[in-house]
Every structure is written in structure tokens, then in C-alpha cells.
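Let's take a walk through a protein model together. Have a look at it first, and then we'll pick out a few spots.

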Amino acid sequence: MGADNKRKTRRGKRGGESKRQQNNEIKNTSDNVDVDMEGTRQENADSKSASDGGYIAPPMDTGDSLFYIDTKANAQEIEEDLEKISPASYGLVNPDLQKYLKGCEDMLEDSRFESTAEDREIFVNNMYSEIKNYELQLTTDKECSRILEKIFFISSDYQIRRFLSLMREDVIRLAVHRFSSHTMQTLLLLSAVSLEREMRGESKDFETVDDDVNDDDKGHQSVRTVLPTFEELILEITKSLTERWSYLMADEFASHILRVLMLVLSGRAIEDQNNRSNSLRSKRSSKYVEDKSVTQSHHPSLAKARETPDAFVSALKKLLKTTNRAMSDIVVRGFTTNPVGSPVLQLMLELEAERGKSETAGSLLDKCLLGLVSDPKGQNPRRDTALQMTIEDVVGSHFLQTVAKIASPNVLQAIYEHQIRGRVKTLAFHPISNFVVQSVFFNAKNQRQLKSMIEETAPFFGDLLFKSRAGVVRSLVDSCVRLDAGYIEIINALYGGLGAKTPEERKELINLLAFLMPYQKLANAEYSRLPFNIQGSLIIQSILQFPGDSNGPILDSFFSQNPQSIFSWCQDPSGSRIIESIFTSPHVEPKIKKKVMEHFGGRYAELAMDKFGSHIFEKYWAIADLDFKETIIQNLVKSETQLQDSHSGRFVLRNCRVDQYKRRAEEWRERERGLERKKLMFKDILGSAVATGDSKPALAPSGHQKPANGVKVDSLKKKQTKKASDVDEIDSMFENSRIHAGSGDSKDKHTEQATPAESMPSAIADSKGDRSLEAVMSAISGTKRKSKSKSKKDKSEEKDESPKKKSKKAKEEDRKKRRAFV
């Protein structure tokens, strides 16, 4: 709360109502005097113009002016309305209780704190017993509220629900409190996790009964009252906050409560709380948490989408509809540049867009853009002026970035036509509006929009690259990758902006982008002292994602460089990312990736010992064929001593299994061949999780050819030794799948080989694509173990039953013999 607001509060406490009335009377008197004087001046001017025979302008309507003032609003009523909600106050906390909670915090931070879950539960239960009847009072204390937040993370579902049920009775006054608002935020976040357990029926309503209680005391043991469910509590809190939504949006302490509440209702993923850019906490709160070294647990369930009850869907729909109707156009537009309310408004727009309601007339987006959604082609000078001011506003620019992300092609085109076209260069070099331009370029909805943006921006690419506005160019390159268009136009624009005109100059394209300098300056510079530019490195990485020959200019420029210079890139944080992107790009052929590795001249051990180069080594090791892996590992064996002394080198030795190669080289080769076969088999299921998108035969191990769909691969069958089959358990399954892959008569052994997906069990073939390779293989091995155990059991049963059958037959033969004898 700013100093001005604090002064107003103090004046109000000292009986400022009388002073306010006096000020209003003085203000009204001065307004009347000003109106009389203005009317006199206007009459004199009109009479003078009439006597001179001049033009008398008609009175202006509110709709004709660029801006208009809401004359219906009463300042005194608004001020009184803002004073209706005062933060919660329950008195000062007992010093002894403060000291007790401080001791609890010290125990929580102690590394020896309660190793067993049972002891931890006892500790938490005792703590809640001590603070009983003082819960709300503790939330309003600076230190106690912070300690409570830490305790919530180790509390049970019932304890969280009980605390939340206590806060619901005074939720609005607690939401606007400086400290209790953060306590409520933590409870809402944890309630989202507990809600999932409640939906699965895992949440408990009663206290766990202690085993040490005597039989005589069990009948008198107190049982906790059944509380409302998490679903009921959240719905009740939503109903209470909706009544004062617009006021709470403008409150610096309550606004983040509204954002958390909407995220809980929608079931959307909640960003990492440790990331300041995505944090729901304010900067001041985040800094306080950092200074106090408050280690907060981030539950994994909050980082992904969650299932929500059906009642939440209707509640969120009603919330958006009610708040939209309650807020006037002026209020909504005011929140677009409000530093407190704008984040809440942006989230409301995203939720409205997810439900397909943002493109209708009268929607929140339509109100924010002054009717641009309902009339995208109409001319409105007042709207254009207001949006122009929003683009250059520190807060409004963030709002327009969100609008560009959720807008439809028609709305984005209208924003581009009315606000950006013809002013791209001016806006791109503005310290604030350039981020809006980047967002609009990055979120281009179709190829036509993208090409028109490139065409207008291409003439001043050089200025953007060399004057700290390379992010604008990078947003266009990223849109080319996403929309699969504009590759030739963007490369030609880069050539022109960098000053590379001749074929000889264009060979330096990768250097010009990596260091972001024109060709003439690069030719006269000392190469070893040139610093990498992060934006230039990101542009190169995006160009390497271009399909086909579109990334050829970068690759040709790469191979025209000195190998020693390229190797120095591997030891730089930005340069190493460029090399990694070559290996991870699905549009770079495997033979080119191998050529890049050979470009290093066998300095694989030196690469593995560097903290940045080791990442490049691991990226290529994941896609290399068996022959090249063996070449690399032989190079590592020669420098094993140096690698053992290096932090990065030890990880490389372990991942490459150098010890196994030295002791049992053949077993190492069979293991690598088995991994390659598994990758090829499950590539259709796991996609890039198994391979990096390469579909060339060079990825296959030596002696093996990658099978294509619908092609016979009988030539792939090879005899394997018993030792090899013990090492790789998947080989037997491959042989069985080849025998039974044909359709029709099962006796025909010369059937056409089916694809790997067809030869797998149906349970694996129907599995989702995001399953990991280890999970699939464990399922297969588990099935094989079950089948083996079944076969052994069947054989043992046959052995057990065979003596019985023989004994019956022998008895029958004896009877026949006796009858015949008689």
C-alpha cells in the first residue's frame, strides 16, 4: 500500500469525515465558480464570433470526442464505497504463542526433524492443538502467517480443510489483509491437490484414533465434526468473492487470491512458484521469501492440468458471466493498464477464450478493445488513440501480449492493421511497445499474415539486429518454423540486413548471426575475442529447425569455418547450444550430424571434459551408430585417467559404459545393438522420446538395415549366440513376431514381415505415445516372465498327472486280464 493510501487511512481514523465534507463543499463552490466563469467566457466568445460573422461550432456529443468523462460518477460515493471493506483485525498475538511457533519453525528447518511419518504427524497434531481458537488471529501476524504456510505443506487434508472452513466466514476481509491473503493463497493451492484425493475417495473426515487409548476411554473420545468438502468450500468462497470482484481486482493483496481461485476452478496447470516471471506472488512477497530463505514445496500436481468436479465448470462460467455484466466498459478498460488488476483480467480473458466466448459482441475482450471484436473493420479514432496509448504503457503492453496470444485471425489482423502496419519501425524501437510487436509476430495465425509481416519488416532487418532489437527478428523466424512458411523470405532478409551480398560473404552467415555484426565489421575484427550474442544464437537454432534444404545456408556456412574455431564454440554456453541444435534437429540428415562430429578431429575426450562440450557429446551419443560409438569409446579409453579427474568426464565414462567395453567388448556391442532395435521398434509409439526424429538408415547399427513399412526384412534375421540372447531378452520376441506377423494361415512361414507396431501385443500397440521406453520394456519383460512361469507350471502339472493316468491304465488292464482268465 502506497504512502498516499496510508495517509488517507490515518486521516480517516482521526475523524477525517468532517474534513472531507469541508473539502467537498470547497470543491463544489470552486466548481460552480469555474462553471460560471467558463459560461461567461463562452458567451463572450460566441457573441464576438457572431458579430464577426464567423463559424459557430455545434456542441460536441460524448460519442464524437476522443475521450469522455463519466459525469454520472460521484467521487464521494466511490470513496465511501472503497472504505466499506477493511482488512481483518483480531488483535495482537500472544508473545508466548509467537515464541512457540518460532520453535516449531526451527524444528521444521532442522535436518534431524522427525524422520518417520508417524512422528511428523504427531508433531503437526500437537501444533494444531496449541493454536486452536487462534487460527485467524495468527494469519494476520507477519511472522506467524509465514510459519503457518510452511506447516500447511506437511498437514493432512482434514487440517487444511478445517483451516479453510474457518477462513471462509470472513473471506473478503482476510483476502484484503496484508499477511492473511498469502495464507489463503497457500491453502487454495493445497486444496487443489487435496481435491483430487477427495474425488478419488482418499480424503478422510475424522481424526485417526490412537492405538494407545484404553477401552474405557474410547467411548468418551471426541470425534471431529464432519466439515464441508473441498468442493463445497471452494464453491462457497467463489460465491463470496464474486460479489465484490471488481473491488478485489484493484486490491494489491486480494488480486492474487482471485487468480489462484480461477486456476483452481479451471483445473489449469499452475506455474512453478519458484519462477518469478510466472509466480502468483508479488515481487515484494517473493523478495521477502527469498530473504527469509523460506523453502516452499511445490507439489507436482500443481505443475500439470488436473481434473475438477462438474460443479466447477458451471461455477467458473457463472463467475465470468456475472463479473462481465457487473463491470462497465470504463472499469474494464481501466484494468487493462492497472498494475494490480491487469493480471487478473488477462487470466479472465484466457479462460473466456478457452470456452469460445471471447469473440462475441459485449465480451470482456470486446470491452477491452473498445468494440474491435464486434466491428473489426470499422473506423474509430477514439479507439485507435486509446489502443496506441495502451501499446506504449508498461502494464498495457503485457495485456496486449496476452490478447495477441488468444485472439482469432480476424482480431489479430485488425490489431495489426489499425495499430502496427505502417508503424512497425517506430514501435519496434520503442522500449516498451517492441514487446507487443514481438508477440504479434510470434502469434501470426496464418501464412498470409506472416508473409505480410516479413515483407514490411525486411527493409530494416539490419537496424533491428544491430540496435538491440533482434528479438523482433527472432519472433518472425519462430513463426516461420511454426507455420511452415516464409523460409526463403526470411533468409533473404537476413542476407540483406547483415550485408552479405556475394556468395563468398554469405559463407560467413553463421558467424554474422552468432556475433550479430555486419560483414564489414566482422572482416576487420579479431575472431578469438568476439563475444557470442544470445539472440543471434537463438535465431540460428530456430533456422536449423527449417525443413528440407531451407536450413542449408546455415549448414554450408558452418562447414566452411575453421575446425579449430568451431571447436571453441563447444566451450561457450551460447555456441554449444548451436552445435546441440544440429544434433537434435529432426530436419538435419544423420550423415551431416556425423560429419559435424568428425569435424572435431577426434578430440572427443577433450569435448567430454568440458562442462558445455559434455552436453554436445551426450546429444550425439544418443543418435550415433554402433561403429562410430566404438570409434569414440576407443578414443575415451586412451584418456581415461584425465576423464576420471574431470567432473563432466566421469559422467561421460559412466553413461558410455567404458568399463564394460574394456572387460567385455562383445557384450557391450550386443547391448548397444539391442538398444538400437528397441528404438526402431517403438519409434512409432514414442516418437521423439526414443529418437530425435531421424528416419535415415544411418541411424541403424552396423550390419542391420532399418525396415520400412510393408517391406520384407527376412534379411535382417541373424543367428545369435546363447550369450547374446541372455544379454538381450528382446531378440526372442523379435523372432516370434516375425514368424506370426503374416495374416491368414498360421502355418505359412514365408509371410510378409509386418511393421513393428503390428507385431506387438495389442496392449502395447494401443498404448499412448508419451510412455517411456523403459516402461514399455518392463511391461514386455513382465509378460514374458508370466508366460514362462505359466509354461513351467503346466509342465509340472503334466508331470504330476502322468503317474495317475498310468496307474489307472494299469488297473484297467489288470481287470481285463482277470476277466479273460475267468
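Which residues are exposed on the other side of helix H41? They are His647 and Arg654. Keep in mind that this is a predicted model.

## The overall picture

Start by zooming out. The protein chain contains 49 helices and 0 strands. Of its 822 residues, 43% are buried.

Now think about who touches whom along the chain. Take the contacts between residues at least 6 apart in sequence: 72% of them join residues at least 24 apart.

## Helix H41, one side in and one side out

H41 runs through residues 647-656, and its buried residues are Ser648, Gly649, Val652, Leu653 and Cys656. These residues sit on the same side of H41 because they cover an arc of only 140 degrees around the axis. There's a handy rule behind patterns like this: an α-helix has 3.6 residues a turn, so residues three or four places apart point the same way.

What lies over that buried side? The cover includes helix H37 (604-609), helix H38 (613-621), helix H39 (626-638) and helix H40 (640-645), and also helix H42 (658-663) and helix H43 (665-681).

The two ends of H41 are worth a peek too. At its start, Ser646 has a side-chain oxygen that reaches to within 3.5 Å of the backbone nitrogen of Ser648. After H41 comes Arg657, which has a positive phi, near 55 degrees.

Next, find H36, at residues 590-598. Here Pro590, Lys593, Val596 and Met597 are the buried residues. Looking down the axis of H36, you'd see them fall within an arc of 115 degrees, so they line one face of the helix.

## A hole inside

How do you find a gap in a model? Rolling a probe the size of a water molecule over the atoms shows where empty space is left. This structure holds 2 cavities of 30 Å³ or more, and the second largest cavity has about 50 Å³ of space.

Its lining is made up of Leu369, Leu372, Leu387, Ile391, Leu400, Ile415, Gln419 and Val436. Sorted by class, that's 7 nonpolar residues, 1 polar residue and no charged ones. Helix H20 (381-391) and helix H22 (409-420) each supply at least two residues of this lining.

Terms used
Residues are numbered from 1 along each chain as its sequence is written. This is a predicted model: local features need pLDDT of at least 70, side-chain atom pairs count only at pLDDT 80 or more; totals for chains, interfaces and linings use all residues. Side-chain values use heavy atoms; hydrogens and water are left out. Buried means under 20% relative accessible area, exposed over 50%, partly exposed in between (1.4 Å probe, protein chains only). Helices (H or I, at least four residues) and strands (E, at least two) are DSSP runs, numbered from the N terminus. The arc is that of the directions from the helix axis to the C-beta atoms. Contact means heavy atoms within 4.5 Å. A polar contact is a pair of N or O atoms within 3.5 Å; within protein, one must be able to donate a hydrogen and the other to accept it, and residues adjacent in sequence count only if both atoms are side-chain atoms. On a 1 Å grid over the protein atoms alone, a cavity is a set of points where a 1.4 Å probe fits but cannot get out, and a pocket is an open set with protein on both sides within 12 Å along at least five of seven lines; lining residues have an atom within 4 Å of a point. Grid points are joined across faces, edges and corners, and a volume is the space filled by probe spheres set on the points. Ala, Val, Leu, Ile, Met, Phe, Trp, Tyr, Cys and Pro count as nonpolar, Asp, Glu, Lys and Arg as charged, and the others, Gly among them, as polar.
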